[in-house]
There are 4 protein chains.
Amino acid sequence: MKHVTVNFFQEDDIEASILIEGLPGVGHVGKLVADHLIDALGGELIAEIYSLHFPPQVIVDEEGVAHLVGNELYRCEKDGKAILFLVGDFQSTSAEGHYILTESYLDIAEDLGVQRIYALGGYGVGHLVENPRIFSAVNMEHLRSEVEAAGGSFENAGMGGMIVGASGLLLGLGEVRGIEGICLMGETSGYIVDPRSADSLLTVLSNLLGIEVDHTFLQERAEDMEQAIAKIQEAEEAKIQEELNYIG
Amino acid sequence: MKHVTVNFFQEDDIEASILIEGLPGVGHVGKLVADHLIDALGGELIAEIYSLHFPPQVIVDEEGVAHLVGNELYRCEKDGKAILFLVGDFQSTSAEGHYILTESYLDIAEDLGVQRIYALGGYGVGHLVENPRIFSAVNMEHLRSEVEAAGGSFENAGMGGMIVGASGLLLGLGEVRGIEGICLMGETSGYIVDPRSADSLLTVLSNLLGIEVDHTFLQERAEDMEQAIAKIQEAEEAKIQEELNYIG
Amino acid sequence: MKHVTVNFFQEDDIEASILIEGLPGVGHVGKLVADHLIDALGGELIAEIYSLHFPPQVIVDEEGVAHLVGNELYRCEKDGKAILFLVGDFQSTSAEGHYILTESYLDIAEDLGVQRIYALGGYGVGHLVENPRIFSAVNMEHLRSEVEAAGGSFENAGMGGMIVGASGLLLGLGEVRGIEGICLMGETSGYIVDPRSADSLLTVLSNLLGIEVDHTFLQERAEDMEQAIAKIQEAEEAKIQEELNYIG
Amino acid sequence: MKHVTVNFFQEDDIEASILIEGLPGVGHVGKLVADHLIDALGGELIAEIYSLHFPPQVIVDEEGVAHLVGNELYRCEKDGKAILFLVGDFQSTSAEGHYILTESYLDIAEDLGVQRIYALGGYGVGHLVENPRIFSAVNMEHLRSEVEAAGGSFENAGMGGMIVGASGLLLGLGEVRGIEGICLMGETSGYIVDPRSADSLLTVLSNLLGIEVDHTFLQERAEDMEQAIAKIQEAEEAKIQEELNYIG
């Protein structure tokens with residue numbers, strides 16, 4: 001078996017200059033943004049990626065049909081601009097596999113003419129964040145001003161931070177191939193799936209892409225989440241008050 | 001050393017259109033059914049499969065003879081229908097090994113003309129089950145009606161379930177090769193080897209295969225198990241009663 | 001780097017029909033016997049075996065010289081009989097590595113004309129044993145009577161026992177190549193290095209080899225060990241008596 | 001992807017007869033010495049080494065630029081003597097990777113004409129050390145007198161010590177290629193980054209290299225560390241005194 005297998009569903013007219021990666025990670029921030037964009041821009045599934053570096057399992061869907069775990073490549077066009085999306089439910093099960101898979105992603109990217117990669121993720125800070133910043137990293141210094149102009153922050157720089165997995169390696173191994181790489185990481189607690197952080201990330205990403213996208217879906221999910229958290233907090237405060245009354 | 005070594009004991013007239021996998025898993029349900037069927041249908045050992053992805057050890061048998069751990073391929077004929085069985089005591093020790101071994105199983109299946117694979121297993125629910133359902137998954141949507149007609153349930157669909165190891169990958173990687181795959185999972189506690197669940201699974205499988213098989217062996221083992229459990233429960237209740245008397 | 005590297009110090013007249021494996025294992029029983037035999041029979045180092053499947057480290061000797069960890073092949077002649085010894089301080093760090101290393105050991109064995117392998121080890125029983133039995137396994141049924149005649153026991157057969165690592169695989173993979181394999185396992189607590197068990201194993205092995213070997217070294221070490229254990233037991237009993245006196 | 005990728009920034013006139021390895025390890029002693037020497041001798045970066053055996057991540061620098069983790073090769077000349085330095089922030093993530101990476105380091109060393117390797121590290125002893133000794137190991141016995149003359153100690157010999165990772169394997173695998181190897185290990189607690197131990201190691205290394213190097217940087221860091229430790233100790237003693245006063 002090959003380490004990585006890529007099945008293309010179509011071969012013609014699938015070039016694109018931009019690739020957006022939204023694989024699972026902290027707070028599922030990158031995945032939320034990428035999945036929402038594919039939906040909002042009407043993305044088309046163009047390839048499936050399987051590998052022995054993914055977990056050895058299938059997912060059973062709502063019809064009872066089993067699907068090999070893997071990643072998927074979507075493509076969409078907006079305002080004459082073509083964008084590829086790399087999404088899925090898993091990353092590599094081993095350290096070596098992360099390198100091998102990312103080289104495959106970059107092979108595809110090069111073949112399809114990609115010149116810039118946006119790697120999306122979360123940046124765990126250990127507490128709830130009301131107005132999440134979008135921390136950033138680039139793989140070529142000249143990209144920094146563009147990210148800042150779009151609302152990305154570099155306050156994380158100089159903290160000795162690491163970016164682990166596909167997001168990090170797309171920048172690191174991409175630079176070797178001369179592909180521009182920008183990593184956007186939405187500030188998030190790290191404890192919950194975080195649509196509020198995803199919503200903030202989408203704003204910065206939209207600015208960078210120069211396209212407008214509807215935020216309603218992410219905002220509604222963010223509000224649902226915040227109401228749920230507020231209810232839990234109220235219940236806890238009520239309980240504390242009750243205990244105080246009892247003591248008093 | 002090759003990743004996987006297959007030693008055939010005979011080469012002629014070993015084609016079969018059906019492969020049944022019963023490797024170890026939850027409640028050993030699949031293994032119980034497959035081992036029983038091989039016994040009931042008079043299966044013949046046609047190949048041994050060794051691999052560096054199995055545990056590095058030998059099993060010492062009742063005569064003191066050591067045998068390399070591996071999987072075995074049996075073949076039997078019933079009513080003019082030829083069936084292959086993939087059984088054994090171990091699965092892969094690593095994630096990558098599951099993929100490599102399953103590709104080997106599928107190579108053998110293709111060589112021998114297999115068109116459909118039944119992957120048998122257990123579905124752990126965490127509590128004792130009196131009338132175990134047989135949860136199901138298929139790798140092609142058109143197979144679903146046939147499974148339902150035979151008594152298989154798809155109530156597990158839509159729960160985001162995963163099927164891990166050889167059972168799952170035989171469906172997932174089999175679909176890529178155009179081989180039909182049906183996974184039958186007997187509901188079971190997950191705590192004990194479960195012949196009752198195996199007995200229920202055998203009913204559904206017999207319907208799908210269109211062959212009649214004697215259930216006596218599995219039913220007797222199921223009754224033995226249920227009597228043992230009943231005795232333990234009685235003893236526990238007696239103890240509780242005694243304690244109540246003592247308190248009272 | 002190759003998976004396994006074998007450096008021969010001499011190439012001529014190194015054939016031998018017997019290989020004795022004494023790598024580290026339970027109670028270091030096999031290692032004690034093999035190291036003692038090499039010493040007693042005046043074995044000559046004929047090859048070193050290195051591999052990336054051994055731990056990534058060197059051992060610093062008494063002169064401050066660092067040596068790559070690996071296994072060693074010794075050869076000795078006694079009464080016109082040539083015997084190879086496979087010894088060392090480590091086994092593989094991974095499951096796959098056990099297979100790869102054992103295939104290399106068997107390649108060497110075949111090249112040098114080996115027709116029978118004795119794999120030596122311990123059999124942990126969890127308590128001190130006064131008269132350790134030598135449990136056995138063979139890779140061809142016809143070898144059993146010979147082992148029993150030499151004093152080996154097969155009381156372990158039928159317990160579903162496994163033999164893990166090089167000892168087990170030399171039998172399992174050796175059988176595939178038509179090389180006879182006998183595993184001798186000295187009963188031992190499993191808690192301490194056990195020269196008493198090694199002494200018993202040496203008796204059975206000497207019978208099988210048809211050579212006489214001086215046991216003094218192992219017997220002295222066994223007596224030292226037993227005296228040390230006796231002292232610890234006396235001290236414990238004295239302490240218990242003292243506590244009883246105190247209470248009384 | 002290749003296991004190891006070496007990118008040279010220049011190809012001409014980069015030969016050197018000496019390689020100094022200062023990768024991360026106990027107390028970061030080797031790394032402190034190597035980094036300081038590169039700085040003091042004006043080393044020039046001549047190559048970067050990437051590998052799928054390093055952790056799958058990038059490091060974000062102070063400018064927000066992401067860099068693939070890897071090791072680096074520096075070169076400097078002093079008094080007509082050319083020295084290579086192997087430094088970086090990581091070692092292999094797996095046992096096998098240590099072997100594969102070290103073979104690559106030795107390939108480079110051979111290509112560039114290296115005849116001797118100094119592997120620098122720490123030797124953890126579990127308590128603070130005022131006057132750290134420099135324990136040593138060599139891969140050829142004739143090197144020992146030279147190390148002792150330079151102030152290296154062999155008191156560690158005969159303790160059954162192991163040297164793990166790149167430092168150990170550079171000696172072990174280097175010896176196979178006929179490259180002299182000397183490992184210098186600064187005695188250190190093992191709990192903290194230890195510039196005092198590094199300072200002592202630098203003295204012995206300077207003697208061996210026959211070059212003089214300014215120690216100020218390491219000495220200042222050592223004094224800072226010792227003052228910090230002294231303050232902590234004073235604070236603890238004051239606290240104990242206070243508690244005694246309270247009791248008294």
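How many bridges pair β4(A) with strand β10 (residues 162–164) of chain B, and in which sense? The pairing is antiparallel, over three bridges.

This is a predicted model: local features need pLDDT of at least 70, side-chain atom pairs count only at pLDDT 80 or more, and totals for chains, interfaces and linings use all residues. Residues are numbered from 1 along each chain as its sequence is written, while chains are lettered from A and ligands numbered from 1 in the order in which they are written.

**View 1. Chain A against chain B.** Here 18 residues of chain A are in contact with 27 residues of chain B. Contact means that the C-beta atoms of two residues, placed from the backbone, lie within 7 Å. On the chain A side, the elements that give two or more residues are β4 (57–60) and β5 (66–68). Helices (H or I, at least four residues) and strands (E, at least two) are DSSP runs, numbered from the N terminus. β4(A) gives the most, with four residues. By class, the chain A side divides into 10 nonpolar, five polar and three charged residues. Ala, Val, Leu, Ile, Met, Phe, Trp, Tyr, Cys and Pro count as nonpolar, Asp, Glu, Lys and Arg as charged, and the others, Gly among them, as polar.

**View 2. Strand pairing from A to B.** Three bridges link β4(A) and β10(B) in the antiparallel sense. Strands pair if DSSP finds at least two bridges between them. V58(A) has I163(B) as its bridge partner in β10(B).

**View 3. Chain B against chain C.** In this interface, 18 residues of chain B are in contact with 27 residues of chain C. β4 (57–60) and β5 (66–68) of chain B each supply at least two residues of the chain B side. β4(B) gives the most to that side, with four residues. The chain B side has 10 nonpolar, five polar and three charged residues. β4(B) runs antiparallel to strand β10 (residues 162–164) of chain C, joined by three bridges. Opposite I59(B) stands M162(C) in β10(C).

View 4. H67(D) lies in strand β5 (residues 66–68) of chain D. H67(D) is partly exposed, with 17 other C-beta atoms within 10 Å. A residue is buried at 20 or more such atoms within 10 Å, exposed at 12 or fewer, and partly exposed in between, with C-beta atoms placed from the backbone. Leaving aside neighbours within four places in sequence, H67(D) is in contact with G172(A), V58(D), I59(D) and D61(D). Q57(D) is 10 residues from H67(D) in sequence and 8.6 Å from H67(D) in space, C-alpha to C-alpha.

**View 5. Helices α1 and α5 of chain A.** Helix α1 (residues 29–40) and helix α5 (residues 195–209) of chain A pack at an angle of about 60 degrees, with axes 8 Å apart. Axes are lines fitted to C-alpha atoms, for helices over the stretch in contact, and angles run from 0 to 180 degrees between N-to-C directions. α1(A) and α5(A) are therefore oblique to each other. Angles under 35 degrees count as roughly parallel, over 145 as roughly antiparallel, 65 to 115 as roughly perpendicular and the rest as oblique. V29(A), L32(A) and V33(A) of α1(A) make the contact with P195(A), S197(A), A198(A), L201(A), L202(A) and L205(A) of α5(A). The contact residues divide into eight nonpolar, one polar and no charged.
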